[in-house]
Amino acid sequence: MSDDVLKGRAETLLALHRPGDPVILPTVWDAWSARLATGAGFAALTVGSHPVADSVGKADNEGMTFDDLLTRVAQITAAVDVPISVDIEAGYGEAPDRLIDGLLSVGAVGLNIEDTVHSEGGRLRSADEHAELVGGLRAAADAAGVHVVVNARTDLFLRKDGDEADRVDRAIARLKKAADAGADVLYPVGRHDAGTTRRLADELPLPINAIALPDQDDPASFGPLGVGRISFGPFLQAALAARGKEILGRWA
């Protein structure tokens, strides 16, 4: 894929992030699911580590290697003609330039980076350490000449880290550092009530990513809360799996 195409897709992906009018990026895991989503009319997609790992028989939380993931992403970008973002978990222990170069080599123009370090016992990066990694990714993308869309994620809510009373404050402080380091989108991953989502959207300086249950949530409910991006994590695959079990159960 040419540099001009990559640059154009990265610019398109970034421009789709509008707080209050969120871009919906269905989370896909192979060429089939990517074609299913683009056939439904979606203009961009995200590749989820959890569903990809499930699809190749490996564990989430970096049970795959970065090369495993790139192999699958290459199949997806060959199948569909839209901007693709990729969940690269905690970075697979790779250096930022290797991560950026690898993604660009298979036609991806965005990434999620989380702050749980799976290769080191699942420890949580400090806010400064996570910001430094985000900054390294931004610098590597700048050096490559493509504005790769960096979605900085924190797992504070998933991990139920520390005292609940100040968890939102700590997540906001952590994500603000990631924004200052060069992130484009901020991902306080978790299922939040409306008040928490509204506060996160109001107090964070960049569009926020919300996770949705595609078979249960109201698509119109996120915009009024200020959300800028919606993805499905493993929940689209799970919903399809549940329906598949129903169908197969008739024949078992």
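**Close-up views of a predicted model**

**View 1. Elements around the largest pocket.** In this predicted model, at least two residues of the lining of the largest pocket come from each of strand E3 (45-47), helix H3 (49-55) and helix H7 (156-159). H3 gives the largest share, three residues. The lining comprises 28 residues, and those nearest the centre of the pocket are Arg153, Leu158, Val189, Gly233 and Pro234. By class, the lining holds eight nonpolar, twelve polar and eight charged residues. The volume of this pocket is about 420 Å³.

**View 2. The second largest pocket.** This pocket has a volume of about 260 Å³. Its lining is formed by Phe157, Leu158, Lys160, Glu164, Arg167, Val168, Gly190, Arg191, His192, Asp193 and Thr196. Two or more of these residues come from H7, and two or more from helix H8 (167-181).

View 3. Helix H5 spans residues 96-105, and its residues Leu99, Ile100, Gly102, Leu103 and Leu104 are buried. Just after H5, Gly107 adopts a positive phi of about 90°.

View 4. The side chains of Asp202 and Arg198 form a salt bridge, with an N to O distance of 2.8 Å. Both residues belong to helix H9 (residues 194-203) and lie four residues apart, about one turn of the helix. An α-helix has 3.6 residues a turn, so residues three or four places apart point the same way. Arg198 counts as partly exposed because its relative accessibility is 30%.

**View 5. Further salt bridges.** The model contains 19 salt bridges. In one of them, Arg123 meets Glu120 at 2.6 Å, N to O. Arg123 is partly exposed, at 31% relative accessibility, and Glu120 is partly exposed as well, with a relative accessible area of 45%. In another, the closest N and O atoms of Arg170 and Asp161 are 3.0 Å apart. Arg170 is partly exposed, with a relative accessible area of 24%, and Asp161 is likewise partly exposed, at 24% relative accessibility. A network of salt bridges links Asp67, Glu94 and Arg98.

How values were computed. Residues are numbered from 1 along each chain as its sequence is written. This is a predicted model: local features need pLDDT of at least 70, side-chain atom pairs count only at pLDDT 80 or more; totals for chains, interfaces and linings use all residues. Side-chain values use heavy atoms; hydrogens and water are left out. On a 1 Å grid over the protein atoms alone, a cavity is a set of points where a 1.4 Å probe fits but cannot get out, and a pocket is an open set with protein on both sides within 12 Å along at least five of seven lines; lining residues have an atom within 4 Å of a point. Grid points are joined across faces, edges and corners, and a volume is the space filled by probe spheres set on the points. Ala, Val, Leu, Ile, Met, Phe, Trp, Tyr, Cys and Pro count as nonpolar, Asp, Glu, Lys and Arg as charged, and the others, Gly among them, as polar. Buried means under 20% relative accessible area, exposed over 50%, partly exposed in between (1.4 Å probe, protein chains only). A salt bridge is a side-chain nitrogen of Lys or Arg within 4 Å of a carboxyl oxygen of Asp or Glu.
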